[in-house]
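Hi,

Here is the structure I promised to pass on.

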Amino acid sequence: MPEFRLPPGRKTVIGMIHLQPLPGTPFHEEGDFRDILETAVASARALAAGGADGCLIQTVDRVYSTEDASDPARTVAMGLITDAAVRAVAGTPGFLVGVQIMRNALSASLAVAKVSGGHFIRAGALVGMTLSPHGMVTPDPLAVAEYRKRISAGSVGMIADVDSMHFRWFGGEKPTAEVARAARGMGADAVALGDPDEARTHELIASVRRAAPGLPVVLAGHTDHTNAARLLADADGAFVGTCLEEGGWGGRIDADRVRAYVDIARSLESR
């Protein structure tokens with residue numbers, strides 16, 4: 001597999017595939033796994049048909065360990081879903097499939113991506129600490145780097161949240177730009193950030209550009225069809241969720257909604 005890289009000049013649109021609770025987690029409904037898998041595959045196909053650049057398959061199990069750990073049944077389930085999604089979009093050259101096993105199971109995410117043919121993972125926390133509703137998340141970047149090397153997953157990209165709904169630096173006021181620079185030093189290939197306040201999002205992007213030139217910046221949500229043109233004008237790409245899903249958050253992704261968002265992104269590339 002070639003080295004992961006977001007294409008320069010491209011506004012990379014990555015649709016979020018939100019999974020219902022998986023086997024091995026407390027809120028999983030027995031017998032639902034096949035429906036979860038088929039919905040994920042249908043959403044991946046819709047994203048490819050709508051012209052998106054990729055998808056991020058994200059576990060949404062409602063309650064999480066804060067450790068870099070994942071129940072074996074859950075990891076296997078994620079592997080099966082990722083494998084099915086990769087196969088479903090195999091006819092779309094360049095389409096990226098990402099893995100995120102919440103809350104911060106980075107080693108399991110790397111393993112699933114590596115074995116199932118995924119292209120990248122999203123790290124909710126790679127450096128520092130962040131306080132979540134489930135407790136303090138304290139990543140171990142050395143252990144992640146060692147495991148990534150041990151399973152030869154260097155070609156699996158890593159997009160790290162540095163200021164978002166998933167990560168806020170805990171303890172002191174460390175500038176987001178410094179967090180981004182540290183994340184790059186620990187192996188991040190791109191960073192994700194975003195805030196409900198558009199002005200702050202623009203400021204964050206600009207600060208990362210100054211501190212870490214060349215490091216791709218991806219919007220960590222808070223984007224839809226109404227603000228895509230403004231936000232993507234500064235960012236290199238976006239994780240896009242609810243506005244692409246039928247019936248709101250967690251629904252099956254609709255190809256027409258994807259196409260409408262992608263059209264906005266492409267219009268910015270030709271300027």
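Below are my notes on charges, salt bridges and cysteines.

A word on the ground rules: this is a predicted model, where local features need pLDDT of at least 70 and side-chain atom pairs count only at pLDDT 80 or more, while totals for chains, interfaces and linings use all residues. Residues are numbered from 1 along each chain as its sequence is written, and side-chain values use heavy atoms, with hydrogens and water left out.

Salt bridges first (a side-chain nitrogen of Lys or Arg within 4 Å of a carboxyl oxygen of Asp or Glu). There are 15 of them in the structure. One pairs Asp83 with Arg87, with 2.9 Å between the closest N and O atoms. Both sit in helix H2 (residues 72–88), four residues apart, or about one turn of the helix. Helices here are DSSP runs of H or I with at least four residues, and strands are E runs of at least two, numbered from the N terminus. Asp83 is partly exposed at 27% relative accessible area, and Arg87 is exposed at 62%. For those words, buried means under 20% relative accessible area, exposed over 50%, and partly exposed in between (1.4 Å probe, protein chains only).

Another bridge links Asp189 to Arg148, at 3.1 Å between the closest N and O atoms. Asp189 is in the loop between helix H5 (176–185) and strand E8 (190–193) and Arg148 is in helix H4 (residues 141–150), so this pair ties together parts that are 41 residues apart in sequence. Asp189 is partly exposed at 26%, whereas Arg148 is buried at 11%.

Then there's Arg200 with Asp195, where the closest N and O atoms are 3.1 Å apart. Arg200 is partly exposed at 30%, and Asp195 is buried at 14%.

What about disulfides? The count is zero, going by cysteine sulfur atoms within 2.5 Å of each other. The cysteine sulfur closest to that of Cys55 belongs to Cys243, and at 15 Å it is too far for a bond. Cys55 is buried at 0% relative accessibility, and Cys243 is buried too, at 17%.

Last, the surface: Glu29, Glu30, Asp32, Asp35 and Glu38 gather there in a patch of negative charge. Patch members have over 30% relative accessible area and no salt bridge, with like charges joined within 9 Å and nonpolar side chains (Val, Leu, Ile, Met, Phe, Trp, Tyr) within 5 Å. Glu38 lies in helix H1 (residues 33–49) and is partly exposed at 43%.

Cheers

How values were computed:
Accessible areas come from the Shrake-Rupley method with a 1.4 Å probe; for residues, only the protein chains shown count as cover. Lys and Arg count as positive and Asp and Glu as negative; His and the chain ends are not counted. The place of a charge is taken as NZ of Lys, CZ of Arg, CG of Asp or CD of Glu.
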